[in-house]
Amino acid sequence: AAPVLIVSDVNSRTALRETVRKYLADGRAVAVADIRGFGETSGSRHSFYGSKDGDEEIANCLIALGDSLVARRAEDVMLVAETVAKKLGAKPVLRAEGRAAIPAAHAKYLEPQLFAGFETAREPASWEALVRDELVPYAFSCTVRGALKAYDWIELK
């Protein structure tokens, strides 16, 4: 069976313990990667910005530079997938959880040959839902400036 690459927005890898155990019980190799601003790489909060989420600060800086955190995270996912495939000799199934599903979907769309499959769990609402429903929490870290004019992230799944 294909190995599994897990990317998630959880702050601690221990939160993924049961998911990892399930795949291991099925005889599959599992890699868990922290992409920029998630997991062990989170916590880059600075008092001058005042956001509860450190990735919002990073996202706003990238937007000011004409870039996006989604793009940088998608790049991370693609690089890790290449590494997993080289190390294990097989393309991984990409499992993306929470807010990590958005950059993972972009990675899968941009480089589909890197992945044996794609799964999501707890994924965020569509970008359209973000702009239409004021009760859906909005995060710059989960968006690509101007993208909704051409596509919604859930169309990439």
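1. The residues lining the largest pocket divide into nine nonpolar, no polar and two charged. Here Ala, Val, Leu, Ile, Met, Phe, Trp, Tyr, Cys and Pro count as nonpolar, Asp, Glu, Lys and Arg as charged, and the others, Gly among them, as polar. This is a predicted model, in which local features need pLDDT of at least 70 and side-chain atom pairs count only at pLDDT 80 or more, while totals for chains, interfaces and linings use all residues. Residues are numbered from 1 along each chain as its sequence is written, and side-chain values use heavy atoms, with hydrogens and water left out.

2. The volume of the largest pocket is about 210 Å³. Eleven residues line this pocket, and Arg-99, Leu-130, Pro-137, Tyr-138 and Ala-139 lie nearest its centre. On a 1 Å grid over the protein atoms alone, a pocket is an open set of points with protein on both sides within 12 Å along at least five of seven lines, a cavity is a set where a 1.4 Å probe fits but cannot get out, and lining residues have an atom within 4 Å of a point. Grid points are joined across faces, edges and corners, and a volume is the space filled by probe spheres set on the points.

3. The second largest pocket has about 160 Å³. Its lining includes Ile-63, Trp-127, Leu-130, Val-131 and Tyr-138. Helix H5 (residues 127-132) gives the most to this lining, with three residues. Helices (H or I, at least four residues) and strands (E, at least two) are DSSP runs, numbered from the N terminus. By class, the lining of the second largest pocket has nine nonpolar, two polar and one charged residues.

4. There is one cavity of 30 Å³ or more. The largest cavity holds about 40 Å³ of space. Strand S1 (4-8) and strand S2 (30-33) each supply at least two residues of its lining, and S1 gives the most, with three. Six nonpolar, two polar and one charged residues make up the lining of the largest cavity.

5. The axes of helix H3 (residues 69-88) and helix H4 (residues 101-110) come within 8 Å and cross at roughly 60°. Axes are lines fitted to C-alpha atoms, for helices over the stretch in contact, and angles run from 0 to 180 degrees between N-to-C directions. H3 and H4 are therefore oblique to each other; angles under 35 degrees count as roughly parallel, over 145 as roughly antiparallel, 65 to 115 as roughly perpendicular and the rest as oblique.
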